[in-house]
Amino acid sequence: MNSAAMLPQAADYMRLLPEIVLTVFGMIVMVLDAAAEGRGKGRGEDRRIEKTLGAVALIGALAALAATFIQAQYPGFAFWNMVQVDSFSVFFHFLVAAVTAVVILTSFEYMEVQQIRAGEYYALILFGAVGMSLMSSAVELVLVFVALEISSISTYVLAGFRRRSATSSESSVKYFLLGSFATAFFLYGVALMFGATGSTSIATIGDVLRSGQIPLLAYAGVALMFVGLAFKVAAAPFHVWTPDVYEGAPSPVVGFMSTAPKAAVFAVLLRIMFEAHAPGRVGLIWVVAALSMTIGNLGALVQDNIKRLLAYSSIAHAGYLLVAFAALPDNGIPAAMFYTASYAAMNVGAFAVVSHFGSAGERYVTLEDYAGLGRRSPLLAATLTIFLLSLIGIPITGGFFAKFYVFSAALQANLVGLVIIGVLNSAVGAYYYLRIIVVMYMREPQQEVPVARIPIGLGFALAISLVATIYLGVLPGRVLEYASRTATAWSH
Amino acid sequence: MTTALDNAILSLVTFVPLAGGILLLLFPRRDRDIRVFALVVTLLDFVLSLHLPVHLARTQAGFQFEVNRRWISNPNIHYHMGVDGISMWLVVLTTFLTPLCVLISWKSIHDRTKEFFILLLVLETALIGVFTALDLFLFYFFWEATLIPMALLIGMYGHGRKVYAAVKFFLYTMIASMFMLAGILWLYAKTGTFDFVSVQAAIRSGQVEGFATAAPWLFLGFFIAFAVKVPLFPFHTWLPDAHVEAPTAGSVLLAGVLLKMGTYGMLRFNLGLFPDQSRSNAWWVMILALIGVIYGALVAMVQPNLKKLIAYSSISHLGFVVLGIFSFTQAGLDGATFVMLAHGVSTGALFMLAGILYERRHTYEIADFGGLATPMPIYATFFLFVTLASVGLPLLNGFIGEFLVLSGAFRDRAVYGVLGATGVIWSACYLLWMYQRVFFGKVTHQVNLTLPDLDGRERAALWPTAIVALVMGVAPLVWLNAIDPAVQSALSPFTILASKVVGR
């Protein structure tokens with residue numbers, strides 16, 4: 001590196017292109033929103049403005065998706081080694097942008113039905129996506145922290161967006177308080193790590209920890225960082241906020257925050273655990289994974305509210321995913337990446353159905369309300385069924401291969417006990433997902449629950465998630481192969 | 001020879017129903033069109049499947065009509081399909097029964113018709129796939145795939161406690177098949193392939209590391225999954241519930257084909273992959289099979305419910321099949337395969353007959369009937385014919401299979417044969433007694449006097465089963481000379497001298 005490296009190069013900006021695109025579009029949405037304020041004459045006009053804002057946001061997400069491909073042409077470090085573009089970061093950028101686009105598609109109708117002012121909403125989603133994208137390419141812990149905060153703050157606000165509902169405000173406040181507490185843990189961990197290794201760069205930390213004695217402080221640093229991140233992915237025992245927050249937050253937002261930020265945090269966790277060569281990894285992960293799977297599945301068994309049920313299910317899935325972190329890097333990393341992708345596809349799809357079906361005020365979110373859905377809206381019910389089968393892990397859905405890769409990676413690392421716990425948990429999990437299917441198809445409804453026609457945006461959102469879920473289940477090879485490149489690159 | 005067709009035929013037979021189901025999705029909800037279309041698709045599939053017995057090289061052991069392409073590289077999964085003389089007939093049995101199921105559901109299903117026929121077609125694909133798959137992963141996939149449409153058929157279109165029955169059915173089989181999945185994954189981890197033929201070869205040549213210690217568990221893992229499906233005593237409790245609550249078409253396929261998945265699995269995988277374990281575990285399997293034969297028959301005898309009676313008779317008959325398989329004799333296995341086919345045809349017919357009665361009277365209670373021979377003479381004749389076939393009257397299809405199984409069991413150990421033979425007597429008792437209570441005597445309920453006899457559609461559904469039952473009884477060699485070489489190669493690892501049944 002010569003002195004010219006002091007100034008950012010053009011390639012540096014290319015390596016940050018998706019984030020730049022997202023930010024620009026987020027700002028455009030905000031400016032347009034402000035400019036349109038008060039201009040609308042009556043409900044119809046307002047609605048048109050909001051539709052326009054949504055469309056701009058959607059274009060932003062799609063542009064970010066396209067930018068991911070451009071970014072992929074410039075692998076390497078940027079901005080004084082704080083950002084690294086590699087196949088790993090591109091994978092997660094793609095995932096976050098795709099989820100963002102699908103969530104925006106889901107939100108069009110939702111905003112209208114719930115009568116929520118949409119301007120800041122779309123901007124916040126795009127800004128959140130900036131943080132999430134940045135998390136996967138940040139290789140410097142302070143930048144990771146900044147990215148984490150960008151993503152978290154927008155999700156805190158998004159959680160409270162159903163302003164008329166008390167549960168939504170509760171959800172937002174709870175998420176904010178506990179979330180800030182958790183990020184503080186993370187920051188503390190970063191500080192200790194710096195004390196132990198003299199660096200905040202993940203690669204340097206890895207080099208230090210790989211060579212010679214591991215200072216005791218590093219263990220503490222890893223543990224504290226892990227606490228902060230485990231909170232964000234809703235892993236037990238840091239999961240307590242999840243059901244309440246998911247229940248109160250708007251459904252498309254739950255679809256968003258249970259997939260995109262989670263994927264990003266898992267990306268950070270992968271870098272810290274494998275690239276930074278975190279000490280004490282296997283033991284730590286073993287306990288948290290086993291707890292998450294068990295608590296998540298047992299908790300879900302007794303839920304009657306779909307959103308709470310899916311909240312516990314997401315705790316369980318965080319557990320399955322963490323199993324991959326205890327495995328060896330060669331197959332653990334690709335397994336974890338595959339899992340995040342297929343979980344994102346099926347979960348964002350499931351929440352799209354939930355948000356459509358909830359109708360005004362999210363009135364219909366109990367299991368009881370789903371009775372007879374198979375008759376009233378066969379298409380919606382069939383789609384949800386496929387997502388649920390994927391969550392169970394039935395073959396030819398993405399969920400099957402996700403579990404398959406994770407468990408076989410764990411078996412190759414001789415973690416037989418953890419795999420047994422995982423398989424038993426999958427059997428328990430099958431029960432509560434099936435309950436939803438049974439209710440939809442085999443129970444007669446107790447009350448008249450209206451089902452609106454499927455609007456075009458939601459139709460696209462469902463189609464994309466469905467195709468992705470099935471694609472990952474029928475031809476998982478290419479995605480896994482792509483994910484495997486990372487493992488090879490990191491094991492230098 | 002049309003080699004192109006030979007290569008494609010299994011994929012065609014397997015996936016034509018699925019394609020039909022997908023097309024059906026696009027249909028408008030005009031029930032009549034949907035029914036006609038489903039009938040056409042299933043008939044087309046039946047005609048296609050006839051290519052198999054016509055072109056199968058009968059003297060040749062091993063799999064035919066094979067396709068083997070790589071599907072997924074990691075894990076190493078192949079799209080490998082093929083049939084031998086055993087699985088081929090089970091495929092034909094499936095394609096034979098499904099159009100009859102469409103006919104029998106013509107009127108009884110009038111609510112959510114589209115979904116019903118889509119599920120039926122998907123189920124057919126899954127069932128055929130189970131018998132044609134030669135890749136363990138593919139097999140497992142089809143195996144699980146049968147579960148969902150069947151459970152939905154029971155739960156959505158059944159009667160009474162349908163949800164309970166559907167969930168029980170699903171959980172029982174799903175949990176049991178997890179043991180099989182564990183076994184399959186173990187084999188994959190050690191051999192690096194899911195391919196049945198390669199895995200079998202690796203085991204036989206002793207290349208699989210740690211196989212000796214794992215084999216007992218592997219045998220059990222596969223066995224439990226299959227035993228629940230058969231169902232073998234004491235895993236049978238889901239069956240009566242599922243049958244009683246299922247719609248007629250569901251019962252027909254459940255008894256006719258789904259149960260055979262279990263016995264087929266034992267034959268192909270337990271015997272094929274773990275011959276030594278099969279031998280050493282045979283004694284308790286035989287005992288369970290015998291308990292099934294006798295217990296099923298005794299319980300059938302006291303059932304007040306027509307459908308439950310047939311359900312328990314299935315447990316008894318499938319006990320015969322297991323008895324034959326684990327006798328490790330040529331006669332026993334030939335017979336077991338033949339009983340599978342014969343039972344599929346005659347029990348399928350019995351369930352259709354029961355369903356026809358239910359459509360008219362909305363009850364299965366035997367006590368609600370009596371003297372039906374007077375108002376419904378044609379129905380009574382069909383019923384008698386099928387009952388006699390099921391009892392095992394010589395010259396009808398039940399006899400050959402049971403005879404062969406018993407002769408195999410005798411050769412294995414005389415006491416098995418003696419006890420098994422009582423099952424034949426029991427089955428005559430409960431079936432004929434049931435027949436007497438339903439059809440003879442005075443008409444005790446006035447409503448029964450006005451019951452209409454079979455209409456053309458119902459006769460069209462029943463005639464094929466009656467004809468096949470007769471042909472199978474008169475000319476069993478048509479079936480057996482394809483089964484025999486397949487059985488012989490299945491038995492090759494067993495030391496017992498295989499006696500030829502079919503003179504060639």
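Mentor: A residue is buried if 20 or more other C-beta atoms lie within 10 Å of its own. Keep that in mind for this predicted model.

Trainee: What share of the 492 residues in chain A is buried?
Mentor: Apply that cut-off along chain A, which has 492 residues. Buried residues make up 61%.

Trainee: How many helices and strands are there in chain A?
Mentor: Chain A has two strands. Its helices number 21.

Trainee: Why is chain A said to be as compact as a globular protein of that length?
Mentor: The globule rule gives 23 Å for 492 residues. The radius of gyration of chain A is close to that, so the chain is as compact as a globular protein of that length. The value is 22 Å.

Trainee: How far apart are the end C-alpha atoms of helix α5 of chain A?
Mentor: Helix α5(A) covers residues 119–137, which is 19 residues. At 1.5 Å a residue, it should span 27 Å. The model agrees, with the ends 28 Å apart.

Trainee: How many residues of α5(A) are buried?
Mentor: The helix is largely enclosed by the rest of the structure.

Trainee: Is α19(A) roughly parallel or antiparallel to α7(B)?
Mentor: The axes of α19(A), residues 416–442, and α7(B), residues 162–191, come within 11 Å. They cross at roughly 155°. Angles over 145 degrees count as roughly antiparallel. So α19(A) is to α7(B) roughly antiparallel.

Trainee: Which residues in α7(B) are met by α19(A)?
Mentor: The α19(A) side includes A:Val423, A:Ala427 and A:Leu434. Their partners in α7(B) include B:Val163, B:Phe170 and B:Met174.

Key:
Residues numbered from 1 in each chain as written. Chains lettered and ligands numbered in written order. Predicted model: local features only at pLDDT ≥ 70, side-chain atom pairs only at ≥ 80, totals over all residues. Helix = DSSP H or I, 4+ residues; strand = E, 2+ residues; numbered from the N terminus. Rg over C-alpha atoms; globule rule 2.2 N^0.38 Å. Buried ≥ 20, exposed ≤ 12 C-beta atoms within 10 Å, placed from the backbone. Expected span 1.5 Å × (residues − 1). Axes fitted to C-alpha atoms, helices over the stretch in contact; angles between N-to-C directions. Parallel < 35°, antiparallel > 145°, perpendicular 65-115°, else oblique. Contact = placed C-beta atoms within 7 Å.
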